[in-house]
Amino acid sequence: MSQEKHIEKVLFSAEVIAERVDQIGSEITSDFSGESESPVFVGVATGACLFLADLVRRIDFPISIDFIRADSYGSGTVSSGTPRISFDLKLDITNKHVILVEDIVDTGNTLNCLIEHLKLKKASSVSVCTLLDKPSRRKVHFKLVGNGKFYSGFECPDEFVVGYGMDFAEQYRNLSYVGVLKPEYYM
């Protein structure tokens with residue numbers, strides 16, 4: 001059965017996403033090209049994998065890439081509110097600029113947990129680059145580290161979205177766009 005039938009509507013097409021990722025890549029390249037040391041891009045597994053891959057190919061200087069995993073959703077649609085680090089970095093980020101790449105910032109709980117974790121690892125700065133931002137659901141107001149910046153692709157309405165790396169119960173990540181999942185498939 002086609003996944004397409006499970007999608008209520010497309011919010012951001014593959015073309016719109018690609019254009020916005022180009023813009024963010026140019027902005028990050030401009031912001032960090034004068035630095036003596038290139039930043040470490042840290043993808044939040046698994047949702048940010050496609051966004052991270054597309055983003056780093058648009059960065060015009062040498063970079064390092066690593067991954068971290070924080071679990072807070074399980075197979076549900078609402079964050080548990082108590083994220084935990086379940087897979088940590090292998091790179092040493094001491095005194096380095098880190099750009100944390102997320103698929104979506106929702107309540108802010110997971111992001112806050114990750115920023116605090118990177119701060120404990122002595123990153124000199126932590127920036128956040130998220131494809132989607134849902135400020136209407138924010139419960140925790142995170143604080144960036146050092147001269148970190150917040151890069152956001154799109155503001156997302158308060159709907160349950162999948163695609164372009166984002167999932168429901170590990171399904172739909174491979175959609176080339178971001179769409180709203182029909183409620184009958186997650187309720």
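A disulfide here is a pair of cysteine sulfur atoms within 2.5 Å, and the structure holds zero of them. Before you click around: this is a predicted model, where local features need pLDDT of at least 70, side-chain atom pairs count only at pLDDT 80 or more, and totals for chains, interfaces and linings use all residues. Residues are numbered from 1 along each chain as its sequence is written, and side-chain values use heavy atoms, with hydrogens and water left out.

**Stop one: the cysteines.** Select Cys49 and Cys129. The sulfur of Cys129 has its closest cysteine sulfur in Cys49, 14 Å off, which is too far for a bond. Buried or exposed: how does Cys129 count? Its relative accessibility is 0%, so Cys129 counts as buried; Cys49, at 30%, is partly exposed. (Buried is under 20% relative accessible area, exposed over 50%, and partly exposed in between, with a 1.4 Å probe and protein chains only.)

**Stop two: helix 1.** Now pick residues 14-32, which form helix 1. Helices (H or I, at least four residues) and strands (E, at least two) are DSSP runs, numbered from the N terminus. Its 19 residues reach 27 Å from first C-alpha to last, close to the 27 Å expected at 1.5 Å a residue; the expected span is 1.5 Å times one less than the number of residues. Colour its buried residues: Ile17, Arg20, Val21, Ile24, Gly25, Ile28, Thr29 and Phe32. An α-helix has 3.6 residues a turn, so residues three or four places apart point the same way.

Show the open sheet with order 4-3-2-5-6-7 and mixed pairing. Two strands pair if DSSP finds at least two bridges between them. At the edges are strand 4 (84-87) and strand 7, each pairing on one side only. From one strand to the next, the twist averages 25 degrees. Zoom in on strands 5 and 6: eight bridges join this parallel pair, and Leu100 stands opposite Val128 in strand 6. Bring helix 1 back and you'll see it packed on the sheet, touching strand 2 (40-45), strand 5, strand 6 and strand 7, with its direction at about 165 degrees to that of strand 7. (Contact means heavy atoms within 4.5 Å; axes are lines fitted to C-alpha atoms, for helices over the stretch in contact, and angles run from 0 to 180 degrees between N-to-C directions.)

**Stop four: Gly153.** Gly153 is found in strand 7 and is buried, with a relative accessible area of 11%. Leaving out residues up to four places away in sequence, Gly153 touches Arg20, Ile24, Thr130 and Leu131.

**Stop five: the core.** Which residues touch the most other members of the largest nonpolar core? Ile28 and Leu132 do, in a core of 28 residues. Such a core is a set of buried Ala, Val, Leu, Ile, Met, Phe, Trp, Tyr and Cys residues joined through side-chain atoms within 4.5 Å. Helix 1 gives the largest share, five residues.
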